[in-house]
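This report treats side-chain contacts, strand pairing and charged pairs in turn. The sequence and the structure are shown first.

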Amino acid sequence: MSWDSVPWFTEGEAEHSSEVARLLAYAAFGGAQGVVGAGDLQVRALATPGAAVQVLPGACAITNRATGSAYQSYAARLPVGEQAPIAATGSAARSDLVVARVENPFSYGETWPNPSDPKVGPYIFTRVISGVPKTTTSVRQIRPSDSAITLARIDIPANTSSITQAMVKDLRRMVRPRKDRSIHTASPNGNQNWYGDKGVWHQWPAMARWQVDVPEWATQARITMTIAGTQVIDGNVWGGCAFRVGDQQGQSVQFESTSARINLISADTLPIPAAMRGTTQWLEALILLDKKLPGWLQADVVTTAIADVEWAETPEA
């Protein structure tokens with residue numbers, strides 16, 4: 001078996017094959033498939049719910065799954081949103097899968113019908129695969145040989161003809177999601193004691209506060225905040241520890257202790273609103289102590305604050 005004799009890119013009058021062009025796309029996408037941008041190809045209910053859903057504009061990468069098509073991908077875009085009709089249900093509930101599918105009859109082994117105009121196609125479509133199991137999360141579970149990506153599943157109750165957003169489960173994946181991780185640390189030069197107003201959240205300890213740059217593409221922040229080696233003084237304490245980035249506060253974690261050194265740890269995944277992206281925000285540790293107990297907290301020279309921050313790009317609802 002010989003090489004595909006014209007590699008990308010050869011000068012002169014060489015003719016490059018579609019397979020080599022799709023190889024280039026496959027390499028550019030890192031062999032992955034999915035939507036390109038976090039907001040691309042969202043499936044939404046109509047503004048006035050009806051017997052269809054709206055697919056928003058966007059771009060995607062789709063792996064070619066035709067016979068003998070290893071290392072090939074399609075790059076596709078939907079420049080203007082379009083509607084996909086959804087049939088009404090009868091006496092039983094039903095789940096439908098919304099996919100973007102390439103139907104290329106010229107790829108080896110494919111049996112799709114020829115388009116009316118080979119020059120302009122179309123060769124890619126929004127398709128609704130009706131009557132799938134309610135546990136379906138990927139088109140590959142039901143049609144593994146399709147060159148397609150999954151956009152959403154519509155779980156439709158019985159006797160329903162209008163689709164609401166509550167019925168739409170987003171199943172998009174990003175082709176090359178970006179991530180950026182950083183670790184911030186700080187230790188006080190002396191004692192930073194907490195005697196303050198109990199029963200409300202306060203930023204503490206003072207050194208556990210950093211300015212962080214939020215990437216323009218970030219849709220999530222995955223943060224772990226640790227205040228290691230905190231001293232409990234003058235009896236019992238009960239309370240909560242958490243963190244805040246900008247105006248987004250993470251999940252609080254309860255703690256309770258007598259006089260001892262303790263570690264305060266909290267973690268959460270937070271959505272990053274569009275207004276916060278591309279800005280600089282304060283990331284800070286928070287503490288809340290119960291009013292009923294006499295103890296208080298001290299951060300000192302053997303205390304270290306550690307913030308582990310990972311910004312992530314995920315499909316945006």
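## Aromatic pairs and the nonpolar patch

Rings of Phe, Tyr and Trp (its six-membered ring) are paired if their centres lie within 6.5 Å; planes under 30 degrees apart count as stacked, over 60 as edge-to-face and the rest as tilted. Across the whole structure, 3 aromatic pairs are found. The pair of Trp-8 and Phe-9 is edge-to-face because the ring planes stand at 70°, with the centres 5.4 Å apart. The model is predicted: local features need pLDDT of at least 70, side-chain atom pairs count only at pLDDT 80 or more, and totals for chains, interfaces and linings use all residues. Residues are numbered from 1 along each chain as its sequence is written, and side-chain values use heavy atoms, with hydrogens and water left out.

Trp-8, Phe-9 and Leu-24 make a nonpolar surface patch of about 340 Å². Patches consist of residues with over 30% relative accessible area and no salt bridge, like charges being joined within 9 Å and nonpolar side chains (Val, Leu, Ile, Met, Phe, Trp, Tyr) within 5 Å. Areas come from the Shrake-Rupley method with a 1.4 Å probe; for residues, only the protein chains shown count as cover. Buried means under 20% relative accessible area, exposed over 50%, and partly exposed in between (1.4 Å probe, protein chains only). Phe-9 is exposed at 55%, while Trp-8 is partly exposed at 45%. Leu-24, at 41%, is also partly exposed and belongs to helix α1 (residues 18-28). Helices (H or I, at least four residues) and strands (E, at least two) are DSSP runs, numbered from the N terminus.

## Strand pairing

Two strands pair if DSSP finds at least two bridges between them. Strand β2 (residues 43-50) and strand β3 (residues 52-55) are antiparallel over 4 bridges, and a hairpin through 1 residue joins β2 to β3. Strand β3 also pairs with strand β6 (residues 82-85), again antiparallel over 4 bridges. Val-53 in β3 stands opposite Ala-45, and its bridge partner in β6 is Ala-84.

An open sheet of 3 strands has the order β1-β4-β5, with antiparallel pairing. Since β1 (34-35) and β5 (73-78) each have a single partner strand, they stand at the edges, and one side of each is left without a neighbour in the sheet. Strand β4 (residues 58-63) meets β5 over 6 bridges, with Thr-63 bridged to Ser-73 in β5. The loop between β4 and β5 holds Gln-72, which is buried at 6%. Gln-72 and Glu-19 are 53 residues apart in sequence, yet their C-alpha atoms are 6.8 Å apart.

## Charged side chains

A salt bridge is a side-chain nitrogen of Lys or Arg within 4 Å of a carboxyl oxygen of Asp or Glu; the count is 14. Asp-155 and Arg-153 form one at 2.9 Å, N to O, and both residues are buried. In the bridge of Arg-172 with Asp-170, the N to O distance is 2.8 Å; Arg-172 is buried at 6%, whereas Asp-170 is partly exposed at 36%.

Arg-209 and Glu-284 form a salt bridge with their closest N and O atoms 2.6 Å apart. This pair links distant parts of the chain, strand β14 (residues 209-213) and strand β20 (residues 280-289), across 75 residues. Arg-209 is partly exposed at 34%, and Glu-284 is buried at 7%. The charged end of Arg-209 also sits over the ring of Trp-282, 3.7 Å from its centre. This contact requires NZ of Lys or CZ of Arg within 6 Å of the ring centre and within 35 degrees of the ring normal.
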